[in-house]
Amino acid sequence: MMDKLKKQLLGPSAESKQELLGKLVSYIAIIVIGGLVGTILVFLTIKGVALFNNDHFSLWQFLSGVNWQPSHHLYGALPMIAASFGVTVLAGMVALPLALVVALALTEMLSKKINQFCQPLIELLVGIPSVVYGYIGLTVVVPNLRQLFGGTGFGLLAAACVLFLMILPTMTSMTIDSLRAVPKQYRMASTGLGATRWQTIIRVIIPSARSDIFTAMVFGMSRAFGEALAVQMVVGNTTIMPKGLMDSAATLTSVITTGIGNTVMGTPSNNALWSLALILLIMSLAFNLLIRVVSRKGAR
Amino acid sequence: MKIALEVKNLQVLYGEKHVVHDINLKFPANQITALIGASGSGKSTVLRSLNRMNDDLATVQGTIDFHGININQPQVNVYRVRQQIGMVFQQPTPFPLSIYENVIYGLRLAGEKDKQVLSQRAEESLRQAALWDEVKDQLNESALALSGGQQQRLCIARTLAVRPEIILMDEPTSALDPVSTSQIEDTLVQLKEEFTIIMVTHNMQQASRAADWTAFMHQGNLIEFDKTATIFMNPREQKTADYLSGKFG
């Protein structure tokens, strides 16, 4: 009797084995993911610094040079860096207010029925592959820009327009979630003090959702920054410093996708592309870090 | 006796559902009136109708007479009505702002910009809500750091700051501990010197302790309305007696 109880209480059982197995699987998954991220980081860093270490191209010239001519051993990446930031900021600046307005309309003003129809639609748009947005850019945006402003239509503005279309659903959807997370009681309390709906939105709802709205913006912009395909289809792909919005340009991502298949591994022109990729990675990490900092501030 | 608010033939419908039937009530000025009754008796619905908080949720029919004006008609400016007839809710709901900004929220809505007026009102209202001594050194800190009872008193101060005539309270202490509850009850008794208070409560002891008048509601009907002492000691209706003795509810 005592022995049986002792065995029961001290020995393993089906539940405890299950628990152990679960833990094991989780740890393996974490190690795999951590390993993957670590490998990417190490790999990109090694490849990315090869241009400076092996080919002795100066980092400063890489970051500030405006001539990208691999055939002449010139790797100035500034036009691409500028174009990447340009299209991202442009798209984000237009998308943010629009996303906010749409989200406010859906959560605060329009009826539940319209809401139930629109929200799945927006979420559907989030999942559309970027090549489709690129195609819309080619067939709708570029011809229209050509008609409006002349020139080829391909360029920074076209890329910004396509990115704007692409990130708007993402930002709207995230902003809707952040507004939904504002407690209902805030709206009631504010109304009870004599506030109009507009006053409640401006004074209570937006301030309480502020950090989440900002996160939505940064998230959308980081998506825009990293987008390659849709941009490549409409940006024109000329690696010179753009002087105006209608100028053809190339972003970090579009240069990598166009160039990586046409260069030989280990050559300086191939290494230079990896250096661009490293910049891209560092920027993505910076975006992520920014989101973390902001959402932690908001949680306090 | 001066009447602060008079309700005539009040009916409330949620869609097809008739939740309040033909209620007539006179709320005496500078007194505390409690609405009691079981869950679903319609007492909160009546309360919310009094300052038009039911506008988007239900159809409210009948007359609500405030100084001779029927405030239950479409052309009434509901925002101004709510400045005159304020509301405190069940859950303490300070906004994620500083204590000071919370108190003057309603004043800012009304367009008050004079800093002196704002800070004077803030102090006055916090004193009236018996919170001043506890928060006077942390007015610029977040209101969310306060305890539940303090938050509710802050919400009361926030309502007082607009200088309403009538304050509606929807179970103002049901989310609080007994100590905070009794602090708020004491505060209410002080406040009736200047304000008319109408509150919904689940807590019969609270009604008997704090209220001068008590209205008992059952299934959307007003069963009895009288002085609190009369209702509790000597109710006219059998239903009231049954409810007070715990036979249902």
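This report describes the predicted model of a two-chain structure, from overall dimensions to individual residues.

## Basis of the model

Because the model is predicted, local features require pLDDT of at least 70 and side-chain atom pairs count only at pLDDT 80 or more, whereas totals for chains, interfaces and linings use all residues. Residues are numbered from 1 along each chain as its sequence is written, while chains are lettered from A and ligands numbered from 1 in the order in which they are written.

## Overall form of chain A

Chain A has 12 helices and 2 strands; helices (H or I, at least four residues) and strands (E, at least two) are DSSP runs numbered from the N terminus. Along the sequence their pattern is α-α-α-β-β-α-α-α-α-α-α-α-α-α. The radius of gyration of chain A is 25 Å, well over the 19 Å given by the globule rule for 300 residues, so chain A is more spread out than a compact globule. This radius is taken over C-alpha atoms, and the rule is 2.2 Å times the number of residues to the power 0.38.

The C-alpha atoms of chain A occupy a box of roughly 85 × 65 × 35 Å along the principal axes. Of its 300 residues, 36% are buried. A residue is buried if 20 or more other C-beta atoms lie within 10 Å of its own, exposed if 12 or fewer, and partly exposed in between, with C-beta atoms placed from the backbone.

## Overall form of chain B

Chain B has 11 helices and 10 strands. Its radius of gyration is 18 Å, which agrees with the value near 18 Å for a compact globule of 249 residues. The C-alpha trace spans about 55 × 45 × 35 Å along its principal axes, and buried residues make up 47% of the chain.

## Nonpolar core

The largest nonpolar core contains 138 residues, of which A:Ala158, A:Ala159, A:Val162, A:Leu163 and A:Val234 touch the most other members. Such a core is a set of buried Ala, Val, Leu, Ile, Met, Phe, Trp, Tyr and Cys residues joined through C-beta atoms within 7 Å. Helix H7 (residues 156-180) of chain A gives the most to this core, with 16 residues.

Not counting residues up to four places away in sequence, A:Val234 touches residues including A:Gly134, A:Leu138, A:Phe154, A:Ala158 and A:Val162. Contact requires C-beta atoms, placed from the backbone, to lie within 7 Å.

## Interface between the chains

At the interface, 14 residues of chain A are in contact with 18 residues of chain B. Helix H8 (184-192) and helix H9 (197-226) of chain A each supply at least two residues of the chain A side, and the largest share, 6 residues, comes from H8(A).

This side of chain A divides into 7 nonpolar, 7 polar and no charged residues. Ala, Val, Leu, Ile, Met, Phe, Trp, Tyr, Cys and Pro count as nonpolar, Asp, Glu, Lys and Arg as charged, and the others, Gly among them, as polar.

## Local features of chain B

In chain B, 4 strands form an open antiparallel sheet in the order S2-S1-S4-S5; strands pair if DSSP finds at least two bridges between them. Strand S2 (17-28) and strand S5 (69-70) of chain B stand at the edges, each with a single partner strand, so one side of each lacks a neighbour in the sheet. Strand S1 (residues 3-14) of chain B pairs with S2(B) over 8 bridges, and B:Tyr14 stands opposite B:Lys17 in S2(B).

B:Ser208 lies in helix H9 (residues 204-210) of chain B. With 17 other C-beta atoms within 10 Å, B:Ser208 is partly exposed. Leaving aside neighbours within four places in sequence, B:Ser208 is in contact with B:Thr228 and B:Phe232.

Notes
Contact = placed C-beta atoms within 7 Å.
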